[in-house]
Amino acid sequence: MFNHQKYGKQYFMPPTISYDWVKKETLEKAPTWCSVDLRDGNQALPIPMNLEEKLELFQLLVDIGFKEIEVGFPAASDTEFNLLRKLIDNNMIPDDVTIMVITQAREHIIRRTFEAIQGAPRAIVHLYNSTSEAQRRQVFKKSKEEIKQIALNGAVLVKELAEEAGGDIYFQYSPESFPGTEVDYALDICNSVLDIWKPTPDHKAIINIPTTVQIAMPHIFANQIEYIHKNLAYRDGVTLSIHPHNDRGSGVSDAEFGVLAGAERVEGTLFGIGERTGNVDLITLAMNMYSQGFDPELDFSQMNAIREKYEKLTRTEVHERHPYSGDLVFTAFSGSHQDAISKGMKYRQETNTEKWDVPYIPVDPVDIGRNYQADVIRVNSQSGKGGIGYILETNFGVKLPYKMNEAMGYATKKVSDQTSRELSAEEIYQVFRENYVEYHPNFELVDYYFNKGTGQEVTLTIQKEKEQIELQGKGAGSLDAISNALKAHFDIDYALEVYEQQSLGKDSAAEACAQIGISHQGEIYWGAGIHEDITAASVYALVVAVNRLEDALISQKETVK
Ligand SMILES: CC(=O)SCCNC(=O)CCNC(=O)[C@H](O)C(C)(C)COP(=O)(O)OP(=O)(O)OC[C@H]1O[C@@H](n2cnc3c(N)ncnc32)[C@H](O)[C@@H]1OP(=O)(O)O
Ligand SMILES: CC(C)C(=O)C(=O)O
């Protein structure tokens, strides 16, 4: 039964709350990032990665710029153990990267962990045990003091083995299931562990506070972290770290608020993969900083390549709406958004604006290897003239007059609506050609030439059904002469209202596109022509516009009948 009364508050507020973190606006300095993809991320996969896949992911993490990487839980399996041996024995760990290994606070597991890191240039040994009230009562059936002792025994052994091993070994402790732990009790365990390790500013220890399962709103977590930050022993010898999960969907908020509250290091995964609803997504965190103008010290300029490799290695798919990295995150289908984006892009180009502030697009897609044409404006039945015009202009150089763009917008939406699908740029161009360049249901222009080279007298041949007809016309200019010939033949009147043209390419041999709008009884009828010769392009545009006017007159006559 769906019964909310079954649930209640399981988290603990800290003994004092100062809310200093609320007064800070944004993250201005990158925290130390620690990727836990190879451990927490891997733990979430139905088919865990094999050795080769893990090595490839390790290299990807190094390439992105991670300086701390949790390589695994070496006591868990031979694959994890062998991964460490492979990395260490083959000198595959770059000088500026520190690997981390996690261990339960159990003697045989700690010993196996140390075997795995023997000979490592540097390593963090990450010790954890569960401290929550629920786990003490249900899982461990131990008192607070006994649970604390598990951590302390582990801390002592870790220290002894590190001293035996020599080398550069750092310690990390996590009170697992912290969200359900009394905050002052968690702090007491952490401080007691630190009393054993006695860290210094030259050889810091890490205290890592996880939201193992998220059970409170992000501001609660921030208050808890601020309390720990202010009351940690050996504070200048400790890096305060956080490890948010995402059960309530607020992993990113927990992380951001946690850093505002005093955390200096964040553990998480690429794309937020992790058990249940995942870990905090480090890409989103880093890109959030980037979009505020701060250096995240991680490089996501090849986002698509990172995503493809990650999907291949983990056999998971990144959702198309996943922040910053999904296929559709820069895409606007809706008309008013497309209109604002295309105007914003144009404004940016015209004004050479340095700061990015294009409406609806939080970061410049190009910065992460995406592409305006393919990614930003895509067209379906929700789209409008702004986006459709943008696609014609940026892909094909066709810049339609404002009102014609509106008509083209409706013609395109109609096709998308009828076919119930998105239209590609080529398909949109095809709609344009069929409706405005190749549209001549009533008559076609076969040929024309100007008499006596004056350009003011024209002879043109049109095809009407099966018949070819020769027409004569005179005018103030060539287009006027042709227009007069058509008006006389069809016995119609209209005014040449709009005339625009643009070159479709950069060289002089490139084609031109002309657009013509003729008005008759308050309505405008549009046509376009594409030709190497601009006069020819205009003539063809006029022929389409007159065909459209003819359509309207024929249907008027049919209505009268
Ligand atoms: C929140 C996190 O993601 S933490 C990381 C969790 N990840 C993993 O556990 C993945 C890797 N783990 C494993 O492969 C296995 O658990 C191993 C190899 C480490 C240990 O295996 P086993 O000893 O067979 O089983 P298991 O982990 O279930 O052991 C549970 C026992 O350890 C105790 N225990 C569990 N965690 C801890 C801990 N952090 N510190 C001390 N004792 C612990 C339990 O109380 C239980 O004790 P009991 O045997 O007296 O009942
Ligand atoms: C071991 C800790 C850090 C952990 O993974 C968690 O609590 O989620």
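Modeller: The shell around ligand 1 holds 15 residues, and the closest are Phe73, Ala76, Gln104, Ala105 and Asn129. A residue is near a molecule if its C-beta atom, placed from the backbone, lies within 6 Å of it. This is a predicted model, in which local features need pLDDT of at least 70, side-chain atom pairs count only at pLDDT 80 or more, and totals for chains, interfaces and linings use all residues. Residues are numbered from 1 along each chain as its sequence is written, while chains are lettered from A and ligands numbered from 1 in the order in which they are written.

At least two residues of the shell around ligand 1 come from each of helix 1 (37–43) and strand 4 (122–130). Helices (H or I, at least four residues) and strands (E, at least two) are DSSP runs, numbered from the N terminus. Sorted by class, the shell around ligand 1 has eight nonpolar, four polar and three charged residues. Here Ala, Val, Leu, Ile, Met, Phe, Trp, Tyr, Cys and Pro count as nonpolar, Asp, Glu, Lys and Arg as charged, and the others, Gly among them, as polar.

Around ligand 2 are Asp40, Tyr128, Ser174, Glu176, Asn208, Pro210, Thr212, His243 and His245. Two or more residues of that shell are given by strand 5 (168–176) and by strand 6 (205–211). Its classes are two nonpolar, five polar and two charged residues.

Thr79 sits in helix 3 (residues 78–89) and is partly exposed, with 16 other C-beta atoms within 10 Å. The classes follow from that count: 20 or more other C-beta atoms within 10 Å of a residue's own make it buried, 12 or fewer exposed, and anything in between partly exposed, with C-beta atoms placed from the backbone. Apart from neighbours within four places in sequence, Thr79 is in contact with Asn50 and Leu51; contact requires C-beta atoms, placed from the backbone, within 7 Å. Thr79 and Gly384 are 305 residues apart in sequence and 54 Å apart in space, C-alpha to C-alpha.

Ala116, in helix 4 (residues 107–116), is buried because it has 25 C-beta neighbours inside 10 Å. Its contacts, leaving aside neighbours within four places in sequence, are Pro74, Phe81, Leu84, Arg85 and Val101. The C-alpha atoms of Ala116 and Val101 are 8.8 Å apart, across 15 residues of sequence.

Next come the loops on either side of helix 12. Arg315 lies between helix 11 (303–314) and helix 12 (335–351), and has a positive phi of about 55 degrees although it is not a glycine. With 12 other C-beta atoms within 10 Å, Arg315 is exposed. Asn352, in the loop between helix 12 and helix 13 (372–376), also has a positive phi, near 55 degrees, without being a glycine. Asn352 counts as exposed, with 6 C-beta neighbours inside 10 Å.

Further along, the axes of helix 14 (residues 385–396) and helix 16 come within 10 Å and cross at roughly 100 degrees. That makes helix 14 roughly perpendicular to helix 16. Axes are lines fitted to C-alpha atoms, for helices over the stretch in contact, with angles from 0 to 180 degrees between N-to-C directions; under 35 degrees is roughly parallel, over 145 roughly antiparallel, 65 to 115 roughly perpendicular, and the rest oblique. On the helix 14 side, Ile388, Ile391, Leu392, Asn395 and Phe396 meet Ala425, Ile428, Tyr429 and Phe432 of helix 16. The residues of this contact divide into eight nonpolar, one polar and no charged.

Helix 16 (425–437) is also among the elements covering the buried residues of helix 18, as are strand 9 (444–450) and helix 17 (478–490). Helix 18 (residues 534–560) has 27 residues and reaches 39 Å from its first C-alpha to its last, close to the 39 Å expected, which is 1.5 Å times one less than the number of residues. Its buried residues include Ala537, Tyr540, Val544 and Arg548. Pro441, in the loop between helix 16 and strand 9, touches Asn547 and Asp551, not counting residues up to four places away in sequence. Pro441 is exposed, with 10 C-beta neighbours inside 10 Å. Pro441 and Asp551 are 110 residues apart in sequence and 8.2 Å apart in space, C-alpha to C-alpha.

Key
Contact = placed C-beta atoms within 7 Å.
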